[in-house]
Amino acid sequence: MNFTLKIWRQENAKAKGRFETYKVENISSDCSFLEMLDILNESLISNKIAHPVCFDNDCREGICGMCGLYINGRPHGNDDGVTTCQLHMRKFKDGETIWIEPWRAKAFPVIRDLVVDRTAYDKIIQAGGYVSVSTGGVPDANSILIAKDKADKAMDAAECIGCGACVAACKNASAMLFVSAKVSHLALLPQGKVEAANRVQKMVEKMDELGFGNCTNTYACEAECPKLIKRSNIARLNREWICARVGKEK
Amino acid sequence: MNLPKIASISKKIVVACVGLFLLVFLLVHMGINLCLLRPDGGAWYIAASNFMGTNYIIKVFEVVLFAALIAHIIITVALQIQNWKARPVRYHQPSKSKTSTASKTMIWTGGLVFVFLVLHFVNFYFVKMGLVEGKYMIQTEELFSTELQNEYMAATQGKLSEEEVALFQSKMEKVNAIAVKAEAEGLSSNDMKWIMNLSAEDVKPLEGIVEGVEPDFYNMSYELFGNKVYSIIYLLLFVALAFHLIHAMQSAFQTLGLNHNKYNKFIEGFSWIYAIIIVLGFATVPVYIMCFV
Ligand code: HEM
Ligand code: SF4
Ligand code: FES
């Protein structure tokens with residue numbers, strides 16, 4: 001398959017970026033999107049055309065959340081429930097022009113080309129997205145009873161890999177889906193419940209402080225999340241927030 | 001100035017509560033509007049507006065309503081400005097994420113609702129406040145007020161000086177002029193209880209003589225919506241209101257944390273139906289008057 005790529009190039013955080021056009025040819029339809037970019041980069045290097053295109057990635061199996069590109073108007077491209085590394089070129093039409101942009105958000109500044117700085121997410125986690133005492137190793141089965149539906153919901157929320165697609169997709173660059181997933185998976189389990197009221201307040205305060213937008217319940221996040229995190233988590237976050245504020249614990 | 005920081009979710013919760021209150025208000029307002037359509041010379045409409053205008057609980061709610069509306073606008077605009085700032089560099093490609101148009105256009109449909117409110121205020125509420133001239137009505141029994149009756153008694157008993165009698169007579173002439181006009185033009189309606197459809201010139205002489213001159217919204221509505229341009233502007237702005245409301249109710253539920261797999265479809269459906277009922281209800285009045293009166 002052949003593609004025309006329009007890729008955002010930006011030398012560093014301060015530089016003014018622009019789109020560059022590259023052509024790639026003879027790409028297998030089984031190629032992943034990142035492999036296709038690898039092929040482009042090899043040719044850019046060996047033909048001494050330009051500095052290779054920088055993009056983030058690590059596991060390349062959809063579990064680390066490092067990769068993330070805004071492809072033709074959709075975070076992680078034109079497929080549902082996958083990360084960019086799991087997106088395949090067969091999802092595109094032969095000869096298609098593909099626009100590739102970095103995540104755009106004030107809280108995720110571009111470092112270079114398609115790489116953005118997502119430390120803001122780490123800061124939100126540091127603000128309270130953990131259980132502060134060691135809960136030990138794997139407990140004996142049934143020593144702590146957890147209802148099946150609670151466990152399922154907690155597991156679903158814990159699937160969030162912190163990729164940032166929710167922020168990238170949201171017209172307000174809001175991080176509510178991410179924060180709600182993190183708040184939910186802890187608040188639903190007995191080990192996390194103890195600190196739930198504290199946690200939700202600290203994480204939301206940090207989220208606001210870092211310059212993410214406010215949720216307007218548009219649900220682009222849910223539509224684009226590679227882990228299919230649901231909007232019901234945002235409602236739970238709101239509930240947790242109301243209960244915590246009414247309790248005034250901090 | 002260092003304003004106290006209010007967390008994003010807290011602001012949203014205020015917007016949602018206030019929004020739900022506004023939604024209930026719209027239903028009440030719509031109900032009253034539909035009374036306009038009864039061919040009873042405005043009896044029901046006046047009864048309903050009178051209740052709204054005089055009941056003390058409702059009067060308190062009127063203040064709450066204005067505060068709510070202003071709070072809604074200030075907070076949503078502030079949130080929206082933050083939201084724009086949260087993405088200083090925009091995408092080159094337009095978003096292709098699956099979302100609803102109504103949810104993405106809240107600030108614009110809200111803005112159009114605001115335009116509507118301004119127009120609506122100029123057309124109606126400003127008349128009540130005396131800022132704009134409209135049509136007026138007066139209760140027949142108010143016309144011969146207790147004060148005038150007392151003066152009449154005093155005059156017949158010869159207790160008034162000549163000057164006072166002359167003054168009383170000039171007052172009576174003005175009052176009579178209204179009564180005669182009402183008689184001649186058939187202005188009085190609604191079981192002779194109200195003399196309606198009076199112009200500003202008609203009622204001006206009554207100033208200081210009789211109280212209880214009120215804006216005649218009934219006839220103003222018929223006049224306003226008889227004008228096709230106004231009717232069509234109102235109807236177009238109602239379309240914006242429909243979009244705003246379709247997202248508004250379901251969004252408020254989500255903001256308040258009321259999301260449940262079992263009820264989500266119901267909430268969504270209810271939002272649609274509520275929005276459609278409100279907007280069709282409001283639209284009926286201009287459409288009926290424009291087309292059938
Ligand atoms: C009678 C008229 C109105 C009603 C019944 C109404 C109702 C609502 C409701 C229920 C919401 C959802 C709140 C939430 O999910 O938190 C909302 C959101 C919104 N309203 Fe209104 N509204 C009205 C007028 C306006 C006006 C005049 C503006 C003008 C700027 C406006 C701007 C907005 C915006 C921007 C939102 C989205 C805010 C967000 O979701 O964070 N609204 N409205
Ligand atoms: S909620 Fe989904 S889209 Fe957002 S960071 Fe987590 S995995 Fe990515
Ligand atoms: S590289 Fe790890 S999720 Fe894509």
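**Before you start**

The model is predicted, so local features need pLDDT of at least 70, side-chain atom pairs count only at pLDDT 80 or more, and totals for chains, interfaces and linings use all residues. Residues are numbered from 1 along each chain as its sequence is written, chains are lettered from A and ligands numbered from 1 in written order, and side-chain values use heavy atoms, with hydrogens and water left out.

**Stop 1: the iron atom of ligand 1**

Select B:H72 and B:H244. Each gives its NE2 as a protein donor to the iron atom of ligand 1, at 2.0 to 2.1 Å. Donors are N, O and S atoms within 2.8 Å of the metal (3.2 Å for Na, K and Ca); water is not among the atoms, so sites may look incomplete.

Now show helices α3 (residues 56-85) and α11 (residues 228-255) of chain B. B:H72 sits in α3 and B:H244 in α11, 172 residues apart. Helices (H or I, at least four residues) and strands (E, at least two) are DSSP runs, numbered from the N terminus. Both histidines, B:H72 and B:H244, are buried, meaning under 20% relative accessible area (1.4 Å probe, protein chains only).

Check the angles next. The ideal values for six octahedral donors are 90 or 180 degrees.

**Stop 2: ligand 2**

Select ligand 2 and its shell of 13 residues. A residue belongs here if one of its heavy atoms lies within 4 Å. The closest are A:C160, A:C163, A:G164, A:C166 and A:C225. Helices α4 (165-169) and α5 (176-187) of chain A each give two or more residues to the shell.

**Stop 3: the sheet in chain A**

Colour five strands of chain A in the order β2-β1-β5-β3-β4. They form an open sheet with mixed pairing; two strands pair if DSSP finds at least two bridges between them. β2 (18-24) and β4 (74-75) of chain A stand at the edges with a single partner strand each, so one side of each lacks a neighbour in the sheet.

Centre on β5 (residues 97-101) of chain A. Four of its five residues are buried. β1 (residues 3-9) of chain A runs parallel to β5(A), joined by four bridges. Find A:I7: its bridge partner in β5(A) is A:I100. β3 (residues 70-71) of chain A pairs with β5(A) in the antiparallel sense over two bridges. There, A:Y70 stands opposite A:E101.

End at A:I71, opposite A:R74 in β4(A).

Terms used. Buried < 20%, exposed > 50% of the residue type's maximum accessible area, 1.4 Å probe, protein only.
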